Amino acid sequence: MGIGRLSAGHREGALPGGWEQARRKLGSILVLLTSIAALTFILADQGSRGSLRLTEARVFPSIPAPAAVDGERRAGADAAPAQAEENRYRALSEFVSRRFRVSQDAALDLVTLAHGAGNQLQLDPLLIIAVIAVESRFNPIAESRAGAKGLMQIIPKYHGDKLEEFGGEQAVFEPAANIHVGARILKEYLRRTGNLGIALQMYAGALSDDEDQYTRKVLNERYRLQQVVSPSPQRPAAPIAVRTVATRVSYPNVLPSELD
């Protein structure tokens, strides 16, 4: 009987204890399910926000600040003249390279130097290049029997003072010095005479040539260069006597007349 009661008591006590364990397991499962549901909700919410941001980025692209836009516009405006200048130099150097059989790199250097001197002295760079073409055909070590030397055929004994700032007479064969000094000489003659034809004939030492052959050669060469940088289907106007017109012709209004 005692044993029977003990067994019965054990059985009666086992049911509440088993229920407690089951209840605890059920609680743990519910907590786990609740955590999973919360995590799923969070992930779904973040995914929807990311999708919304992506949609907004597509529909409403970011707009640069006004300062950035202005900076880009200024950069573009600065780049355009630089690109145009580079294209001009390259076109001229290609023409010079083909016509006078010099390397394109050397031609580009000389074209650039001529533009630098022309801009500094307010003298047409194409006129400077044309004088170089007629005087030396772009040979930097050209030398005449009269003692004229370099690209623009400068005679050092007459223009030694202008060569001094470049180191003296030995600089006459240096392209930068020669072009700058030659351009200064031509500019000085233009200032003194006010007439391009007379200035060019003075530069060549050919004032006694009534036909102005040197002037015509230079202006015709300049016209060819003009056609390279700004092609025109029209031929130049009929020839005029550049040096003998009644009124003084101011540079740069004198245009070449016809090709040789």
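Predicted model: local features only at pLDDT ≥ 70, side-chain atom pairs only at ≥ 80, totals over all residues.
**The whole chain**

Start with the protein chain in cartoon view. It has eight helices and zero strands, so read along the sequence the pattern is α-α-α-α-α-α-α-α. Now colour the 260 residues by burial: buried residues make up 32% of them.

**The largest nonpolar core**

Hide the surface and select Ile128, Ile129, Phe138, Leu186 and Tyr203. These residues have the most contacts inside the largest nonpolar core, which has 42 residues. To see where the core comes from, select the elements that give two or more residues to it: helix H2 (66-100), helix H3 (104-121), helix H4 (125-136), helix H6 (175-193), helix H7 (196-204) and helix H8 (213-229). Which helix gives the most to this core? It is H4, with eight residues. In soluble globular proteins, nonpolar side chains tend to be buried together.

**Tyr203 and its contacts**

Keep Tyr203 selected and show the residues in contact with it, leaving aside neighbours within four places in sequence. They are Val131, Glu135, Met152, Ile154, Gly182, Ile185, Leu186, Tyr189 and Tyr214. One of them, Leu186, is also among the residues with the most contacts inside the core.

**The largest pocket**

About 280 Å³ of space lies in the largest pocket. Of the 14 residues that line this pocket, Gln153, Ile155, Tyr203, Ala204 and Gly205 are the closest to its centre. Select helix H5 (156-164), H6 and H7, each of which supplies at least two residues of the lining. H7 gives the most, with three residues. Colour the lining by residue class: ten residues are nonpolar, three are polar and one is charged.

**Lys157 on helix H5**

Stay on helix H5 and select Lys157, which lies in that helix. Is Lys157 buried or exposed? Its relative accessibility is 61%, and exposed means over 50%, so Lys157 counts as exposed. Finally, draw a distance from the C-alpha atom of Lys157 to that of Glu169. The two residues are twelve residues apart along the chain, and these atoms are separated by 8.2 Å.

Key: Residues numbered from 1 in each chain as written. Heavy atoms only, no water. Core = buried A, V, L, I, M, F, W, Y, C linked by side-chain atoms within 4.5 Å. Buried < 20%, exposed > 50% of the residue type's maximum accessible area, 1.4 Å probe, protein only. Helix = DSSP H or I, 4+ residues; strand = E, 2+ residues; numbered from the N terminus. Contact = heavy atoms within 4.5 Å. 1 Å grid on protein atoms, 1.4 Å probe; cavity = no way out; pocket = protein on both sides within 12 Å on 5 of 7 lines; lining within 4 Å. Points joined across faces, edges and corners; volume = space filled by probe spheres on them. Nonpolar A, V, L, I, M, F, W, Y, C, P; charged D, E, K, R; others polar.
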